[in-house]
Amino acid sequence: MLLNRQLNQLRRDAIEKLTERRLQQYQRGTRKAVSSPAPVYPDTHLSFLANVYNHKAREFYHRYGVQLIDAAYEAHEEKGEVPVMITKHCLRFAFNLCPKQAKGSIKSWKATPMQLIHGDEALTLKFDCRPCEMHVIGKMKNHIVKMPLPGSIVASISPEDLLKTLPVKNKAS
């Protein structure tokens, strides 16, 4: 029993000395110097697809040369039909209707739009065949436009205030 205690103490001492030695020899890495002049963002205009919503993101893009920034989709400023999703998964390809799959020479890569209908909602599917993308085009629903903006004071609630809204359970005596 005494032997185990002594071995454990030797292990602890060895680990402690190794840790001290490692910390003494550690050299902290240096940060890369800030480039001068600052890099420039390739575009000067960003659409809502860039998803710039808060002031920090807006400041970031301004710092790197973007001059015109459209509000993000969540800001409820896009009223018409806009692409709500751009995907590489293409229904034309899945149904063997892709112009790239067609036999013979293709004079045009344009594919006619399709509609995806779910209940009373209709989404238009537009196809950009060169980069092989499908754009799902839709309009923001009215109940979402009426909701408070994400991050607004009205939309934020503390966990304590949220707990106060729960019904109180009566304890039976």
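**Notebook: surface, cysteines and backbone of a predicted chain**

I began with the total surface: the chain exposes about 15100 Å², of which carbon and sulfur atoms supply 57%; accessible areas come from the Shrake-Rupley method with a 1.4 Å probe, and for residues only the protein chains shown count as cover. I note that this is a predicted model, in which local features need pLDDT of at least 70 and side-chain atom pairs count only at pLDDT 80 or more, while totals for chains, interfaces and linings use all residues. Residues are numbered from 1 along each chain as its sequence is written, and side-chain values use heavy atoms, with hydrogens and water left out.

**Entry 1: Overall layout**

I found five helices and six strands in the chain; helices (H or I, at least four residues) and strands (E, at least two) are DSSP runs, numbered from the N terminus. Read from the N terminus, the order is α-β-α-β-β-α-β-β-β-α-α. Of the 173 residues, 16% count as buried (buried is under 20% relative accessible area, exposed over 50%, partly exposed in between, with a 1.4 Å probe and protein chains only). I also looked up contacts (heavy atoms within 4.5 Å): among those between residues at least 6 apart in sequence, 43% join residues at least 24 apart.

**Entry 2: Nonpolar patch**

On the surface, I located a nonpolar patch of Leu3, Leu7 and Leu10, with about 300 Å² of accessible area together. Patch residues have over 30% relative accessible area and no salt bridge, like charges being joined within 9 Å and nonpolar side chains (Val, Leu, Ile, Met, Phe, Trp, Tyr) within 5 Å; a salt bridge is a side-chain nitrogen of Lys or Arg within 4 Å of a carboxyl oxygen of Asp or Glu. Leu3 lies in helix 1 (residues 2-25) and is exposed, at a relative accessible area of 57%.

**Entry 3: Cysteines**

I counted zero disulfides, taking a disulfide as a pair of cysteine sulfur atoms within 2.5 Å. For Cys90, the nearest cysteine sulfur is that of Cys98, 6.1 Å away. For Cys129, the nearest is again that of Cys98, 5.6 Å away. Cys90 is buried, with a relative accessible area of 11%, and Cys129 is buried at 10%.

**Entry 4: Backbone**

Most residues other than glycine have a negative phi, and most peptide bonds are trans. I recorded a cis peptide bond from Ser36 to Pro37, with omega near 0°; Pro37 sits in the loop between helix 1 and strand 1 (45-46). Asn51 has a positive phi, near 60°, in the loop between strand 1 and helix 2 (55-63). Cys132 likewise has phi near 60°, and its loop runs between strand 5 (121-128) and strand 6 (133-138). Asn51 is partly exposed at 44% relative accessibility, and Cys132 is partly exposed at 31%.
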